[in-house]
Amino acid sequence: MASTVLDSQDLSALSSDEQAAIRSAAVWYFKRHARIIAEQADDPSSQAVARRDDFLRLHAALRKLGVPIALPDELRAAR
């Protein structure tokens, strides 16, 4: 199956099924890792901070895509 590399800003080239698959995978990842990231909410290490930042960006992106997903309480203060 041949694929074309897309400009990172051009999601309109994806079919609705492909966009749904990406949303579904991101939601799965978010739900699977929410507890792990929340448990590290007070960890000041640079690795934990970077993971939290990435996770918060994922949450923001999912919300922009119309996915009404709740942020764990432990991470609400980190926003």
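Predicted model: local features only at pLDDT ≥ 70, side-chain atom pairs only at ≥ 80, totals over all residues.
View 1. Buried residues of helix 2 include Ala 48, Arg 52, Phe 55 and Leu 62. Looking down the helix axis, you'd find the buried residues within an arc of 155 degrees, so they line one face of the helix. Helix 1 and helix 3 (73–76) are among what covers them.

**View 2. Helix 2 from end to end.** This helix has 19 residues and reaches 27 Å from its first C-alpha to its last, close to the 27 Å expected at 1.5 Å a residue. Just after helix 2 comes Gly 66, with a positive phi of about 90 degrees.

**View 3. A pair of rings.** The count of aromatic pairs comes to one. The ring centres of Phe 30 and Phe 55 sit 4.4 Å apart and their planes are at 15 degrees, so this pair is stacked. The partners come from distant parts of the chain, 25 residues apart: Phe 30 belongs to helix 1 (residues 16–39) and Phe 55 to helix 2 (residues 46–64). Both Phe 30 and Phe 55 are buried.

**View 4. Phe 30 and the nonpolar core.** Take a look around Phe 30: it touches Phe 55, Leu 58, His 59 and Pro 72, among others. The largest nonpolar core has 14 residues, and those with the most contacts inside it include Phe 30, Phe 55 and Ile 69. Helix 1 and helix 2 are the elements that give two or more residues to this core, and helix 1 gives the most, with five.

How values were computed: Residues numbered from 1 in each chain as written. Heavy atoms only, no water. Phe/Tyr/Trp six-rings, centres within 6.5 Å; stacked < 30°, edge-to-face > 60°. Helix = DSSP H or I, 4+ residues; strand = E, 2+ residues; numbered from the N terminus. Buried < 20%, exposed > 50% of the residue type's maximum accessible area, 1.4 Å probe, protein only. Core = buried A, V, L, I, M, F, W, Y, C linked by side-chain atoms within 4.5 Å. Contact = heavy atoms within 4.5 Å. Expected span 1.5 Å × (residues − 1). Arc of directions from axis to C-beta. Lists of a residue's contacts leave out its neighbours within four places in sequence.
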